[in-house]
Amino acid sequence: MIAYEDLKQLNAPFTAQFSTQFNKVIEKGHYILGEEVAAFEKEFAAYNSIPYCVGVANGLEAITLSLKALDLPADSEVIVPANTFIATVLSVLHCNLKVVLVEPRIDTYTIDPSKIEAAITPDTKAIIVVHLYGKCCDMDQIMSIKNKHNLYLIEDSAQAHGATFKGKMAGTFGDFGAFSFYPTKNLGALGDGGAIIFSDEAHQSKLLQLRNYGSDKKYYNEIIGYNCRLDEMQAAFLRVKLPYLNEIIAHKNKLADIYLKSLNDNFVLPVKHADYHDVYHIFNIRHPRRDELKDYLEAHVIQTAIHYPVPPHKQNAMKHIFEGQNFPVSEEIHATTLSLPCSYFHTTEDVEYIVDVMNKFN
Ligand SMILES: Cc1ncc(COP(=O)(O)O)c(C=O)c1O
């Protein structure tokens, strides 16, 4: 079976270095907010060419704390793409703000900038864009809407470490870039992890307090905070992988190029534009008989995944919030998308086999 993902194989090249880091942290005996977190924050900020990074517990909290740091008035509306992983929507709900969903583009799967302005009201205070699957949104259009309407911008970059738009890193355009280091991500830890990057120094002390009980001096609490710290051991592991992130991305691009060049026109392929460096956290295709295709591939020992089977506005947890609202483009993507194996451990031979099997599907 060609696995869709296999974390043991994915991490095999790094395990010796992980062990060294593991022993180092144990011996130091500083397990919460120690030197590894501080060093990783510096290194991840440098990777993104941005001054500040605050490590947090996971990607959901990276978005949520970014929103909290903005101190938006109650009843503020926040624009979010209608096709995203549930975390983007949850972050707004966890801040007791109103989610306003906007349709994605059918070709890029990211938020459709031409539909954002119609969703803006006097209560709109922020936009959260999602660089879905590892492709940046059209940041020229997003930035001009942000500036014209004086809105805050958070970039959910959980799937887009290292992606660029016109040479600028995902997560560095807006007020905050929120990242996840969930193990399957292009920069994945061995557990949960996340980070917020930003360029305005004014946000730093607020975020440091928010992630740590509202405190920067032990047992003195300045604001209502959370326990949302990036774990010291995970930071130590992330420091091993960060220097290999570009190599991981290059490998995924090599596999993606084979798919893009060789799959026949029965499949809707991801679009590629000159101004974008896509990182293929997920390599997806679309097909009208997606579920049949998935079963067919499974029968040929190829495991695939669906990102995602149910759009946020139809999830049981929140469908009441969006009752009466329709997002046909998002629904079309959810009904037809299929994610193909494209991990650091997959070989070009794996992908050539998958292409060969797929091109015989009819
Ligand atoms: C687009 C998106 N946003 C947010 C998250 C949340 O990240 P985490 O699982 O680390 O909380 C994820 C990943 O799982 C994601 O894919």
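A: The ligand sits in the largest pocket. "Sits in" means that more than half of its atoms lie within 2 Å of the pocket's grid points. The model is predicted, so local features need pLDDT of at least 70 and side-chain atom pairs count only at pLDDT 80 or more, while totals for chains, interfaces and linings use all residues. Residues are numbered from 1 along each chain as its sequence is written, and side-chain values use heavy atoms, with hydrogens and water left out.

Start with the pocket. Its volume is about 540 Å³, counted as the space filled by probe spheres set on grid points that are joined across faces, edges and corners. Of the 31 lining residues, F85, Y182, T184, K185 and Y308 are the closest to its centre. A pocket is an open set of points on a 1 Å grid over the protein atoms alone, with protein on both sides within 12 Å along at least five of seven lines; lining residues have an atom within 4 Å of a point. By class, the lining has 15 nonpolar, 11 polar and five charged residues. Here Ala, Val, Leu, Ile, Met, Phe, Trp, Tyr, Cys and Pro count as nonpolar, Asp, Glu, Lys and Arg as charged, and the others, Gly among them, as polar.

α4 and α5 (86-94) each supply at least two residues. α5 gives the most, with four residues. Helices are DSSP runs (H or I, at least four residues), numbered from the N terminus.

Now move in to the ligand. Around it are 13 residues, and G59, D156, Q159, S180 and K185 come nearest. A residue is near if one of its heavy atoms lies within 4 Å of the molecule. This shell has seven nonpolar, four polar and two charged residues. Helix α4 (residues 59-69) gives the largest share of the shell, three residues.

Next come the polar contacts (pairs of N or O atoms within 3.5 Å). A backbone N or O atom of G59 lies 2.8 Å from a ligand oxygen. A polar side-chain atom of D156 is 2.7 Å from a ligand nitrogen. In the side chain of Q159, an N or O atom lies 2.8 Å from an oxygen of the ligand. The protein covers 92% of the 380 Å² of accessible area that the ligand has on its own. Such areas come from the Shrake-Rupley method with a 1.4 Å probe.

Conventions
A polar contact is a pair of N or O atoms within 3.5 Å; within protein, one must be able to donate a hydrogen and the other to accept it, and residues adjacent in sequence count only if both atoms are side-chain atoms. On a 1 Å grid over the protein atoms alone, a cavity is a set of points where a 1.4 Å probe fits but cannot get out, and a pocket is an open set with protein on both sides within 12 Å along at least five of seven lines; lining residues have an atom within 4 Å of a point.
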